[in-house]
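User: Hi! Could you walk me through this one? I'd like to start with the strands and then look at a few side chains.
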Amino acid sequence: MSKNKIQICDKCKHTRVKTLLPKLQKLSPEAEIKVGCKSYCGPCAKSALIFINGRYITAPTEDEAVEKAKKFIK
């Protein structure tokens, strides 16, 4: 099984690292998760954003973004 690569922005207005990080760790315990600005400020300012395995996932809320990210977990 491949190791998932997940990145989240700590400046996104629609997510909180404190709540999003545990959800992603539960979704993929072995994942390499990086936290930091992705310089993707346009979409990040409008919706929750998760960068997973080379794909940007956006949704109106953090929970919806996590739900959408599930199909990209290896």
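**Strands, a cysteine and a ring pair**

Analyst: Happy to. Strand S3 (residues 48-52) and S4 pair in the antiparallel sense over five bridges. Strands pair if DSSP finds at least two bridges between them, and the elements are DSSP runs numbered from the N terminus: helices are H or I with at least four residues, strands E with at least two. This is a predicted model, where local features need pLDDT of at least 70 and side-chain atom pairs count only at pLDDT 80 or more, while totals for chains, interfaces and linings use all residues. Residues are numbered from 1 along each chain as its sequence is written, and side-chain values use heavy atoms, with hydrogens and water left out.

User: Which residue is the bridge partner of isoleucine 52?

Analyst: That is arginine 55, in S4.

User: And in what order do the four strands form the sheet?

Analyst: The order is S2-S1-S3-S4, in an open sheet with mixed pairing. Strands S2 (32-35) and S4 (55-59) each have a single partner strand, so one side of each has no neighbour in the sheet. On average, neighbouring strands are turned by 20 degrees against each other, direction ignored. Axes here are lines fitted to C-alpha atoms, for helices over the stretch in contact, with angles from 0 to 180 degrees between N-to-C directions.

User: Where does helix H3 lie?

Analyst: Helix H3 (residues 62-69) lies across S3 and S4, at about 140 degrees to S4.

User: Switching topic: is cysteine 9 buried or exposed?

Analyst: Cysteine 9 is buried, at 7% relative accessible area. The cut-offs are under 20% for buried and over 50% for exposed, with partly exposed in between (1.4 Å probe, protein chains only). Cysteine 9 sits in the loop between strand S1 (5-8) and helix H1 (17-27).

User: What is cysteine 9 in contact with?

Analyst: Leaving aside neighbours within four places in sequence, its contacts include Cys37, Lys38 and Cys44. Contact means heavy atoms within 4.5 Å.

User: Okay, what does lysine 38 touch?

Analyst: Not counting residues up to four places away in sequence, lysine 38 touches Gln7, Cys9, Phe51 and Tyr56. Lysine 38 is partly exposed, at 21% relative accessibility, and is found in the loop between S2 and helix H2 (41-46).

User: How many aromatic pairs does the structure hold?

Analyst: One. Phenylalanine 51 and tyrosine 56 form a tilted pair, 4.5 Å centre to centre with 55 degrees between the planes. Rings of Phe, Tyr and Trp (its six-membered ring) pair if their centres lie within 6.5 Å; planes under 30 degrees apart count as stacked, over 60 as edge-to-face and the rest as tilted. Phenylalanine 51 is buried at 17%, whereas tyrosine 56 is partly exposed at 34%.
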